[in-house]
Amino acid sequence: MLKKEIETALNKQILIEAQSSQIYLAMASWAETQGLGGTAQFLYKHSDEERVHMLKLVQYVNERGGKALIPALTKPDEDYQSLNFLFQTLLDHEVMVSNEINHLVEICLDQKDYTTHNFMQWYVAEQIEEEALARTIMDKLRMIGSDKGGLYLFDRDIEQISMASSNEQQ
Ligand code: FEO
């Protein structure tokens, strides 16, 4: 049976993952309207992955005798100005998510819930990969600058990249 503190913290994380999925969906849709088809596909896929992150938490909470709460979501921004702005926003968002995951892990230790602590290790590893990839993407965009040919190749190649290889092991 989950302790109330753990259940509350996991439900907060369900909201964060669901909101992440919604934000990346909005980013994907924006990219699609800008003719950035590869970037749109990458972000649609990433949005789906975040939904899976949410789902794993929902099922874990319910399996452990808690009650997963399916949250209302906030409307994400509609405009992202440029690829640079979009991926910087994505990176900042993932850093925030990592901080939240680390906080959740701390709560597990405080409450001596080693089962949930163990369950959360998948998310810890996932965040390391997601942040690293977002940083690599930002480095590439900085290198490309405003070079149109570079941006064309970036958009073509990013479609092949998955946000995190550990997603394949879900
Ligand atoms: Fe599920 Fe990108 O955090």
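Ground rules. I number residues from 1 along each chain as its sequence is written, and side-chain values use heavy atoms, without hydrogens and water. Since the model is predicted, local features need pLDDT of at least 70 and side-chain atom pairs pLDDT 80 or more, while totals for chains, interfaces and linings use all residues.

Entry 1, aromatic pairs. I searched the whole structure and found 6 aromatic pairs. Rings of Phe, Tyr and Trp (its six-membered ring) pair if their centres lie within 6.5 Å, and planes over 60 degrees apart count as edge-to-face. Phe-87 and Phe-154 have ring centres 5.9 Å apart and planes at 80°, so I list the pair as edge-to-face. Phe-87 sits in helix H3 (residues 83-110) and Phe-154 in helix H5 (residues 148-158), 67 residues apart. Helices are DSSP runs (H or I, at least four residues), numbered from the N terminus. Both Phe-87 and Phe-154 are buried, that is, under 20% relative accessible area (1.4 Å probe, protein chains only).

Trp-122 and Tyr-123 are buried. Ring pairs join Tyr-60, Phe-119, Trp-122 and Tyr-123 in a cluster.

Helix H1 (residues 4-33) packs with helix H2 (residues 37-63) at about 165°, axes 8 Å apart. Axes are lines fitted to C-alpha atoms over the stretch in contact, with angles from 0 to 180 degrees between N-to-C directions. That makes H1 roughly antiparallel to H2 (angles over 145 degrees).

Terms used:
Rings of Phe, Tyr and Trp (its six-membered ring) pair if their centres lie within 6.5 Å; planes under 30 degrees apart count as stacked, over 60 as edge-to-face and the rest as tilted. Helices (H or I, at least four residues) and strands (E, at least two) are DSSP runs, numbered from the N terminus. Buried means under 20% relative accessible area, exposed over 50%, partly exposed in between (1.4 Å probe, protein chains only). Angles under 35 degrees count as roughly parallel, over 145 as roughly antiparallel, 65 to 115 as roughly perpendicular and the rest as oblique.
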